Amino acid sequence: MSGIGIDGVRQIAVTVSDLDRAVHFYADVLGMDLRFRNEKLAFFDCGTTRLLLALKGQDDADGIVLYFEVADIFTAVDTLRDSGIAIEKEPACLARMAGRAMWVSFFRDSEGALAALIAEHADDGGTDAPDAA
């Protein structure tokens with residue numbers, strides 16, 4: 001079995017109906033380290049995995065999305081596609097920081113649940129897909 005080279009679960013996203021209440025629970029009750037927050041999102045460190053709390057929008061589904069870390073998101077997406085998996089969202093750059101770019105792509109698992117691939121690549125500052133590094 002060849003697979004796509006998953007290195008681990010990098011991020012877990014959870015939709016919430018009350019972000020203030022959820023942040024209080026994860027920060028104050030569980031004692032997790034709040035890394036960033038705005039009016040719709042909150043990120044916590046949980047070891048090597050990030051927890052993302054996302055305020056549920058009117059058209060958003062309830063649920064949890066697992067973000068699987070891969071070394072090369074573009075090769076992994078091609079491998080999924082070659083295996084007959086429909087890609088919900090092609091790789092897109094989420095953020096650029098310190099010469100690195102964070103890329104994400106979404107797909108559905110065998111049960112129809114939304115899942116994601118996430119990878120850091122060297123950032124050349126452009127909008128094209130970078131080489132994995």
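Buried here means under 20% relative accessible area, with exposed over 50% and partly exposed in between (1.4 Å probe, protein chains only). The model is a predicted one, with residues numbered from 1 along each chain as its sequence is written. Local features need pLDDT of at least 70, side-chain atom pairs count only at pLDDT 80 or more, totals for chains, interfaces and linings use all residues, and side-chain values use heavy atoms, with hydrogens and water left out.

Helix α1 spans residues 19-29, and L19, A22 and V23 are buried in it. Because these residues cover an arc of only 100 degrees around the axis, they sit on the same side of α1 (the arc is that of the directions from the helix axis to the C-beta atoms). Helices (H or I, at least four residues) and strands (E, at least two) are DSSP runs, numbered from the N terminus.

As for the ends of the helix, D18 caps the N-terminal one, with a side-chain oxygen 3.2 Å from the backbone nitrogen of D20. After α1 comes G31, which has a positive phi, near 80 degrees.

Over in strand β7 (residues 100-108) there is S105, which counts as buried because its relative accessibility is 1%. A polar atom of the S105 side chain lies 2.6 Å from the backbone oxygen of K89. Leaving aside neighbours within four places in sequence, the contacts of S105 include I73, V77, I87 and L117.

Key
Polar contact = N/O pair within 3.5 Å; in protein donor to acceptor, adjacent residues only side chain to side chain. Contact = heavy atoms within 4.5 Å.
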